[in-house]
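Visitor: Please take a close look at the surroundings of the ligand in this structure. I would ask for one connected account.

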Amino acid sequence: MAEYTLYCFAESGNSYKAALMLALTGADWAPEWVDYFGGQTRSASFRHDVSEIGEVPVLNHGGELISQSGVILDYLAERTGMFGARNAAHRREIWRWILFDNHKFTSYFATLRFLAGLQKAGDPAVIAFLRQRVEASRAIVENHLAGQPFLAGDEPTIADISAVGYLYYPEHAGVELDATPNIEAWTQRIASLPGWRPPYELMPRGPVAGR
Ligand SMILES: N[C@@H](CCC(=O)N[C@@H](CS)C(=O)NCC(=O)O)C(=O)O
């Protein structure tokens, strides 16, 4: 049995953040597929046995269940000594970007991708609302990356692993966004780290109607 088990599904960019960290740190881990599209995260048993919040990713390490991707990343950074903070100020800088990512950079994009890229549906006014917020949060990251290679400085950290989580999915095709060359170059820098693999190679994909 692997040391870590990650409750996840491949389409979940939030799960990918944890899976990517496990891959980049060379951890001994195995995915446990969660049937999100079949309603498993909303089931009473998942909420009782895995996470009362009803979301993936959830990391099982020796029976301890850890949820929220940022907390999982922080836990793994602490355990492995990789992609974490050098000092207290660096830690604050890392957390500033993880929180911005969770609130805006990931969440607006994930919702837009779900509607436009995966469900291929959605009220045009809702799509326009989300697109405007996606562009605004991407512009902030694009400007920040003009001055440095990674979000919290010269080296990759869990802030990058968090924020990059949704940027390697082919479903982008449904969502036309402004050109962001600094974000592009940053995703390439992360993709060239030893151990990097794309989401659909790290996590299982279940049956989805229409695919
Ligand atoms: N802030 C959370 C977000 C997790 C999240 O939104 N997970 C989605 C999949 S990407 C989920 O499990 N949703 C379950 C549901 O809405 O029922 C994290 O970073 O872990």
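Guide: A nitrogen atom of the ligand has a polar side-chain atom of Gln 68 at 2.8 Å, and an oxygen atom of the ligand has one of Arg 42, also at 2.8 Å. In the side chain of Asn 102, an N or O atom is 3.5 Å from a nitrogen atom of the ligand; a polar contact here is a pair of N or O atoms within 3.5 Å. The protein buries 78% of the 510 Å² that the ligand exposes when taken alone (accessible areas by the Shrake-Rupley method with a 1.4 Å probe).

The model is predicted: local features need pLDDT of at least 70 and side-chain atom pairs count only at pLDDT 80 or more, while totals for chains, interfaces and linings use all residues. Residues are numbered from 1 along each chain as its sequence is written, and side-chain values use heavy atoms, with hydrogens and water left out.

Around the ligand stand 14 residues, a residue being near if one of its heavy atoms lies within 4 Å. The closest are Thr 41, Arg 42, Val 56, Gln 68 and Ser 69. By class, this shell holds seven polar, five nonpolar and two charged residues, with Asp, Glu, Lys and Arg counted as charged, Ala, Val, Leu, Ile, Met, Phe, Trp, Tyr, Cys and Pro as nonpolar, and the others, Gly among them, as polar.

How values were computed
Polar contact = N/O pair within 3.5 Å; in protein donor to acceptor, adjacent residues only side chain to side chain.
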